Amino acid sequence: MDACKECPYPGCLFCLMKENVAPSKRRSSIAQLFKQLPERDEPGQVMAISGLWNAALLRPTDGEFIELGIFECMAALIFKGIRDRKWLASDQNIFIPYYAAHIIGSYTMIVEEFAIRAVQAKVIPALLELLKGKLTWVEQRVALRALGHLATYESTFSYILDCREILDVAMKLAADALDIVYTQFYRFVDRRLEYHQDLLTRGLGGVEMESRKAEEWASQLQCWSLQLINCFAFREEYLAVVCGNKEFLCKLLGMWGGLVNESSPAGIGLLRSICRESSGRVAVADCPGVVNGLCNVARSSDDWQYMAVDCLVWLVQDVASRHKVLDQAACALVDLTELSTMSGDQKKLGDLIATTLLRNPAEQSQALETRLALNEVAAAQQRMKLERDEDKDDLRIRKAAAMLLRLEGNARFASGDIHGAACKYTEALELCPLKAKKQRASIYSNRAQCHLLSQNNQAAISDSTRALCLQKTHRDSLWRRAQAYEMEGLPKESLLDGIMYMIECSQKKNRKSNVPDYIEALIKKQMRATWLFKEASQKWGAIEYRYRNWNDNQSSSHDESEWETASDDS
């Protein structure tokens, strides 16, 4: 009790925790505090809530506070902040709804039983109010986090389904997240709310730190929206709602999160879930731009590649969508027929791709380019069968002859005969055994360089991709494909190849690991081109560092309160 005598807020949480009393009495006192806290108006409440937030972060599996009523308390505090703006604007109470939603999210992240207790405590209506923008975007972000955790458990997702509005708001947030953060925080540097700044930087750093953190949180706002939508996408009745919004589907591949959230599956992850169902595949097939984007992602250097390949394979396998996408997808998939690794239990993804492409070779409705691509796959499969029975000495002779043709191609390239060099590389590929993967990767990469100089960017992308399927870490191919993507106006794909090149440089042992200047220049250029807020800045205007006649334009009745930054329908 001595601690309470020194404490300016008698009966606070910290005093109760320090009391030298029987555990049962201490628990009873904390439970009583949780019941009373939403009704109390004295200063210093934020200290208790921030302390509870730290406890939730450090011990998310400790159920003591859950049993004592912390979820009911947090839901009540959120509602109080929304309904009582005078209370919210006093002291530091403005932080309380944010911390309360974070506490709910932290305790429901791991333990399903806690999630059940949370929904029984009616946290979902409170979180939904934050999600709809009744306060600001930072509270929307933590509400999404908490709702996303509740949606991952089958036992609690039914409670999410009862609020159909959650899906509608999540879809709107996923589409508008970057605009929201840019217009409400990032753009007007001198109008950034102080409590937002404090939350973003924890009191450390200046404008640069705030801006960098805002990009990370904007990315999370979008990606956590997608994760929540993804839970709905596994149920057919709600999948129809997602797929019915064609504009939203077309935007999904642009929702990639940027480098601040590189581990997120982003929009491609949601597309993969959509393509699991036939109705989803038909919807995606009706969006040519999405299919074209999937082809670009499938020929990329990161983990998203396998998600895009999954989508394309499912689209081509399904008779309801195959005829709509085959002409677009065939050329990209042909480049990947020697892709050897993937997550899961399949050892060679390329075999599955080839089988899928040749499922109905009698089809005659495709374009000439598609028929040629399918014929190439069939010829490669037949060639592989023949090479299995071919004499090993004959294979070695063909391999040596292919290398001589490659050297001849190199000589022609050096003399400026680009077309002649490409022809020699083609001859070398036709002769080189399919199992000579390292040699074939080099030849493909050399031919890609010829295509680059001839400004045939798509062919350069194709050959570089084939080389990387054979040898994933082939640096020359990464560099050449990065250049081709840049010239095709695909900065994200170019950036990812540049980063992969840089990673390969750093992992080489016993060699100079310095990243070449041209790679650094490309990465910097593409990072500017793929800046998370680029489209938002083009739409809403450049960053402003000073008010322009703010005091003159300010209405005398305008209340510049910390919490009045987001409309109810934002």
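Colleague: What should I know before I look?
Modeller: The model is predicted, so local features need pLDDT of at least 70, side-chain atom pairs count only at pLDDT 80 or more, and totals for chains, interfaces and linings use all residues. Residues are numbered from 1 along each chain as its sequence is written, and side-chain values use heavy atoms, with hydrogens and water left out.

Colleague: At what angle do helix 22 and helix 24 pack?
Modeller: About 35°, with axes 9 Å apart. Axes are lines fitted to C-alpha atoms over the stretch in contact, and angles run from 0 to 180 degrees between N-to-C directions. Helices are DSSP runs (H or I, at least four residues), numbered from the N terminus.

Colleague: Which residues of helix 22 make the contact?
Modeller: Leu-326, Asp-327, Ala-330, Cys-331 and Val-334. Contact means heavy atoms within 4.5 Å.

Colleague: New topic. How many cavities of 30 Å³ or more are there?
Modeller: Two. A cavity is a set of points on a 1 Å grid over the protein atoms alone where a 1.4 Å probe fits but cannot get out; lining residues have an atom within 4 Å of a point. Volume is the space filled by probe spheres set on the points, which are joined across faces, edges and corners.

Colleague: How much space lies in the largest cavity?
Modeller: About 50 Å³. Helix 18 (residues 266–274) gives the most to its lining, three residues.

Colleague: And which helix gives the largest share of the lining of the second largest cavity?
Modeller: Helix 30 (residues 491–507), with three residues. That cavity holds about 40 Å³.

How values were computed
Helix = DSSP H or I, 4+ residues; strand = E, 2+ residues; numbered from the N terminus. 1 Å grid on protein atoms, 1.4 Å probe; cavity = no way out; pocket = protein on both sides within 12 Å on 5 of 7 lines; lining within 4 Å.
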